[in-house]
Amino acid sequence: MINKESRSEVRAKKHLKIRNRFSGTAERPRLAVFRSNNHMYAQVIDDSEGKTLVAASTLEKAVKSELEKTNDVDAAAYVGKVIAERAIAAGIKEVVFDRGGFIYQGKIKALADAAREAGLEF
């Protein structure tokens, strides 16, 4: 019988491989994205100090009140716009995009495109 790894195990391995290639610095922090079945999360992280500089998610009241659903492409795009606005307000223009082992399509792509349109460079 063939044993097949679960999707979450495959994603975790991909995430570790991606994280070995780059890390966030003070000049260019890392935009980390996580997607669960119900919500989207985004953080801008300075890995040299181990601090989260800016964060946004669909769990926040301000974000959730603007959305009809918290787990679709529109919600991901709105979180991308919010995280970009907050990062620019904090003086961050350039980031490194960390897709967290998720495939770059659908919600992840929508979040990245919205962040780019709002002014973040990556």
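## Helix H4 and its buried side

Let's start with helix H4, where Ile108, Ala110, Leu111, Ala112, Ala114 and Ala115 are buried. These buried residues pack against strands E1 and E2, helix H3 and strand E4, which spans residues 96-98. Keep in mind while you look around that this is a predicted model.

If you follow the chain just past the end of H4, you come to Gly119, which takes a positive phi of about 125°.

In soluble globular proteins, nonpolar side chains tend to be buried together. Here, the largest nonpolar core has 26 residues, and the members that touch the most others are Leu31, Val44 and Leu111. The most comes from H3, which gives seven residues.

Not counting residues up to four places away in sequence, Leu111 touches Val33, Met40, Ala42, Ala76, Ala77, Val79, Gly80 and Phe97.

## Where H3 meets H4

How do H3 and H4 cross, left-handed or right-handed? H3 passes H4 in a right-handed crossing. Their axes come within 7 Å, and the crossing angle is roughly 35°. On the H3 side, the contact is made by Val73, Ala76, Ala77, Val79, Gly80, Lys81 and Ala84, while H4 brings Lys107, Ala110, Leu111, Ala114 and Ala115. Sorted by class, this contact has nine nonpolar residues, one polar residue and two charged residues.

Once its neighbours within four places in sequence are left aside, Ala77 is in contact with Ala110, Leu111 and Ala114. The C-alpha atoms of Ala77 and Ala110 are separated by 5.0 Å, although these residues are 33 apart along the chain. Is Ala77 buried or partly exposed? Its relative accessible area is 26%, so Ala77 is partly exposed, because buried would mean under 20%.

## Aromatic rings

A pair of aromatic rings is described by the distance of the centres and the angle of the planes. The structure holds four aromatic pairs. One of them joins Phe97 and Phe122: the ring centres are 5.1 Å apart and the planes lie at 10°, so the pair is stacked. This pair links distant parts of the chain, with Phe97 in strand E4 and Phe122 in the segment after H4, 25 residues apart.

The two partners can also be described by their accessibility. Phe97 has a relative accessibility of 16% and therefore counts as buried. Phe122, at 24%, counts as partly exposed. Elsewhere among the aromatic residues, Phe34, Tyr41 and Phe102 form one aromatic cluster.

## A stop before helix H1

Finally, look at Glu5, which lies in the segment before helix H1 (7-21). Which residues does Glu5 contact, leaving aside its neighbours within four places in sequence? They are Val10 and Lys13. With a relative accessibility of 39%, Glu5 counts as partly exposed.

Key. Residues are numbered from 1 along each chain as its sequence is written. This is a predicted model: local features need pLDDT of at least 70, side-chain atom pairs count only at pLDDT 80 or more; totals for chains, interfaces and linings use all residues. Side-chain values use heavy atoms; hydrogens and water are left out. A nonpolar core is a set of buried Ala, Val, Leu, Ile, Met, Phe, Trp, Tyr and Cys residues joined through side-chain atoms within 4.5 Å. Buried means under 20% relative accessible area, exposed over 50%, partly exposed in between (1.4 Å probe, protein chains only). Helices (H or I, at least four residues) and strands (E, at least two) are DSSP runs, numbered from the N terminus. Contact means heavy atoms within 4.5 Å. Axes are lines fitted to C-alpha atoms, for helices over the stretch in contact, and angles run from 0 to 180 degrees between N-to-C directions. A crossing is left-handed if the near helix is turned anticlockwise from the far one by less than a right angle, and right-handed if clockwise. Ala, Val, Leu, Ile, Met, Phe, Trp, Tyr, Cys and Pro count as nonpolar, Asp, Glu, Lys and Arg as charged, and the others, Gly among them, as polar. Rings of Phe, Tyr and Trp (its six-membered ring) pair if their centres lie within 6.5 Å; planes under 30 degrees apart count as stacked, over 60 as edge-to-face and the rest as tilted.
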